[in-house]
Amino acid sequence: MATIDAYDTKDGRRWRVIYRKPDGTQTSRRGFQRKRDAQEWLAEHVTVAKASGTFIDPQAGRRKVGGLWSAWIAKKRVSSKASYVESLERAWRVHVEPQWGARTLESLTHAEIQEWVSAQAESKSATVVLRNLGILRGICADAVSDRLIPSNPCDGIETPRKKRKEHTYLTVEQLFRLADESGDRRTMVLVLGLCGLRWGEMAGLHVEDVDFARHRLSVRRSATTVGHEVVVDLPKSGRSRQVVFPAAPLAKGRMIPTIMRPFSYLHPRFASCPRRNARYLMMGRLGADTSI
């Protein structure tokens, strides 16, 4: 049962709805200026909602956005690569939490979220903006699923489009010149340039992954730097693959020293810290000549 009664304030008479939630606890909603407004709210948000199973406790929306972050990112860790989770954690810490972490769910409006996205788009890349909005949208989607709020205020937000970047590719002559200038890293440069491997995939290669008889590289893992640690995981696509390598420039004696064991890394020094050594390789050794 629900009741509607009047009470007096310094601004005049107001109406209050007293009702029971589906769990049996009693609560109320105050501040209606007319009895008719209270009756309509009771019918829509309590009577019909309880009958259809869509009831949302008005007090549930008072939870803070930041309070839902831990559960949301924990869910992402189950299905996402460590490097992607790290990018989400950084985006939350730098962009999302300072703006929305202390806000209650019920206070979020579509208009102010759109204003936030539009302001970011003026100074940040589309990738950054979309990632930041994706975090807030995901948290609000969980809130909708848990019936903390009736709808997601991030739905329908206009977002910037990603712009396709123009890539600069080395000619064959430039690639071999770069390789020749790389000293004992010549084979590494040729593997990257001729086989289409990502840096982390190259750093994650084991000796057993090289098949000289069939001229194949088995790309089974990727070694990437996450924070201050190297994380070995599946390739970016989530699946292993095989790629062909040309025989002449990648001779067996130069690619795999005879003392190496089958399960050791081809390039153990670089697998220990892929990003740092990639920068060293391209800038430290070759930085004196940027014309190639």
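Residues are numbered from 1 along each chain as its sequence is written. The model is predicted: local features need pLDDT of at least 70, side-chain atom pairs count only at pLDDT 80 or more, and totals for chains, interfaces and linings use all residues, while side-chain values use heavy atoms, without hydrogens and water.

**The sheet**

Strands are DSSP runs of E, at least two residues, and helices are runs of H or I, at least four residues, numbered from the N terminus; two strands pair if DSSP finds at least two bridges between them.

Next, select S2 (residues 12-20), which pairs with S3 in the antiparallel sense over five bridges. Arg20 stands opposite Gln26 in S3.

**Helix H4**

Move to H4 (residues 110-121). Colour Ile113, Gln114, Trp116, Val117 and Gln120, which are buried (under 20% relative accessible area; exposed is over 50% and partly exposed in between, with a 1.4 Å probe and protein chains only). Viewed down the axis of H4, the buried residues fall within an arc of 160°, taken from the directions from the helix axis to the C-beta atoms, so they line one face of the helix. On the other side of H4, Ala111 and Glu115 are exposed.

Notes. The expected span of a helix is 1.5 Å times one less than its number of residues.
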